[in-house]
Amino acid sequence: KQWYQRRVAITAGIFWAAGGVILGVGIYVKVQVDNLVGVTVSHDTLNTSALFLITLGCIVFVVGLLGCCGSLTQNRCMLLLYFSLVTIIFLGEIALAIAVYANKDTVTQSIKDQFSDCMGKYDNTTTPNNVCKDAIDSVQSVLHCCGVNKTTDWKDYNHPLAPPESCCEDQTKCNYSTAYQDGCFTVINTFVNHNAKYIGFGVLGVALVELLGMSLACYLRTYIMKRDDYEQPYTV
């Protein structure tokens, strides 16, 4: 019994910690969204994403708390609620995965549109903090990429002679011949395709943790019910 009790507490603790992290990221994104007033597509998308992360973080945090408290106090109601909520989250993840896969072309195009929208705002000097410029420079420098699909994409965004300096390893001599030749979307797409199995293993690991938590919570609750029935005094 104690073995199952500890395992339920551990899996619930993982949910609790994950919920706190997701909630923190959502709050951070929500705070930073105000800097994207001039970027319509990215602002709307990030605002929605921030609210989604905050909501998801709160739900996962509460679920983890219920699991921890339910296992440690051996409360049948908490364990039942924990089992039910984890089941709903698990089914929701499956539905979300199916929806993303079915609409992967739309999701891909949305990412491209957001990056292109930021490229159009790259040279915007009307705002003191050009978040798009900082974001694109960071992405291009870290991923060693340039533009959306290819380097020459920048010619369509007021850069006829040379792309931004973040497109080059040697930023003092940056032009279209010395710049990174792969587009950022191409690099990300290649990375995802090459590491798809590891991403799949990660998703599978999360699913197994959820299934383990559901199974252990169900077993522990059943054990507590049988024990309580057994310990009830016999009455005539």
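Tutor: By class, 14 nonpolar, two polar and two charged residues line the second largest pocket of this predicted model. Here Ala, Val, Leu, Ile, Met, Phe, Trp, Tyr, Cys and Pro count as nonpolar, Asp, Glu, Lys and Arg as charged, and the others, Gly among them, as polar. The pocket holds about 560 Å³ of space. Of its 18 lining residues, the closest to the centre are Leu56, Val60, Ile89, Glu93 and Glu210. Helix 3 supplies the largest share, six residues.

Some terms need their cut-offs. On a 1 Å grid over the protein atoms alone, a pocket is an open set of points where a 1.4 Å probe fits, with protein on both sides within 12 Å along at least five of seven lines. Lining residues have an atom within 4 Å of a point. Points are joined across faces, edges and corners, and the volume is the space filled by probe spheres set on them. Helices are DSSP runs (H or I, at least four residues), numbered from the N terminus.

Two notes on the model remain. Residues are numbered from 1 along each chain as its sequence is written. The model is predicted, so local features need pLDDT of at least 70 and side-chain atom pairs 80 or more, while totals for chains, interfaces and linings use all residues; side-chain values use heavy atoms, without hydrogens and water.

Note on methods: Helix = DSSP H or I, 4+ residues; strand = E, 2+ residues; numbered from the N terminus.
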